[in-house]
Amino acid sequence: MRMTAFEDVSLRALMLLAANDSGVPLATRTIAEGVGTPYNHVSKAVLRLRELGYLESTRGRAGGVQLSAKGRSATVGSVLRDLDTRADLADCETANGTCPLNFQCGLRGALRRAREAFYRELDGVVVASLPHERQMAPMLMQIGLRPPAA
Ligand code: SF4
């Protein structure tokens, strides 16, 4: 199953914030630089993650976002479930109309069960446990959260 670009950038932002051990809230622009994604995409993801309670924000000049308690314990499965707004994986109902095979479609049910199995597998993976030092250090250095290498 393929993640949407929005889901991917949301998970990247959560991983970056989990790796941020500076104690300083991060501005959206800093997160965008860290995850290598345009500011406007990251800004929408941060807003949605805040609405869902995975992030908490601090206002002011040094303001930004950090993981909330919910964000620190969130699993990949729970985040993807929360972000997935599609009723079905296939285009059963679109602006152009409803699929003619819609009535009691067995394929639609099978796809829903497969999606849930996919999320269930990821319910055991805590997002904050994923980042590791060698993966994140270069990026944390790039965005100024780690001193440059000597
Ligand atoms: S065949 Fe079934 S799953 Fe595919 S679009 Fe039509 S209703 Fe949806």
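Visitor: At what angle do helix H1 and helix H2 pack, and how far apart are their axes?
Guide: Good place to start, and keep in mind that this is a predicted model. Two packed helices are described by the angle between their axes and the distance between the axes. For H1 (residues 5-19) and H2 (residues 28-35), the angle is about 105° and the axes are 10 Å apart.

Visitor: Are H1 and H2 roughly parallel or roughly perpendicular to each other?
Guide: Their packing angle is about 105°. Angles of 65 to 115 degrees count as roughly perpendicular. H1 and H2 are therefore roughly perpendicular.

Visitor: Which residues in H2 does H1 meet?
Guide: On the H1 side, the residues are Val-9, Arg-12, Ala-13 and Leu-16. By class, this contact holds five nonpolar residues, one polar and one charged. The H2 residues that H1 meets are Ile-31, Gly-34 and Val-35.

Visitor: What word describes how H5 and H6 lie to each other?
Guide: The axes of H5 (residues 76-83) and H6 (residues 106-122) come within 6 Å and cross at roughly 140°. Only angles over 145 degrees count as roughly antiparallel. H5 and H6 are therefore oblique.

Visitor: How many charged residues are in the contact of H5 with H6?
Guide: Here Val-76, Gly-77, Leu-80 and Arg-81 in H5 meet Tyr-119, Arg-120 and Leu-122 in H6. Four of the residues in this contact are nonpolar and one is polar, while the number of charged residues is two.

Visitor: In what order do the elements of the protein run?
Guide: The protein has seven helices and four strands. From the N terminus on, their order is α-α-α-β-β-α-α-β-β-α-α.

Note on methods. Residues are numbered from 1 along each chain as its sequence is written. This is a predicted model: local features need pLDDT of at least 70, side-chain atom pairs count only at pLDDT 80 or more; totals for chains, interfaces and linings use all residues. Helices (H or I, at least four residues) and strands (E, at least two) are DSSP runs, numbered from the N terminus. Axes are lines fitted to C-alpha atoms, for helices over the stretch in contact, and angles run from 0 to 180 degrees between N-to-C directions. Angles under 35 degrees count as roughly parallel, over 145 as roughly antiparallel, 65 to 115 as roughly perpendicular and the rest as oblique. Two residues are in contact if their C-beta atoms, placed from the backbone, lie within 7 Å. Ala, Val, Leu, Ile, Met, Phe, Trp, Tyr, Cys and Pro count as nonpolar, Asp, Glu, Lys and Arg as charged, and the others, Gly among them, as polar.
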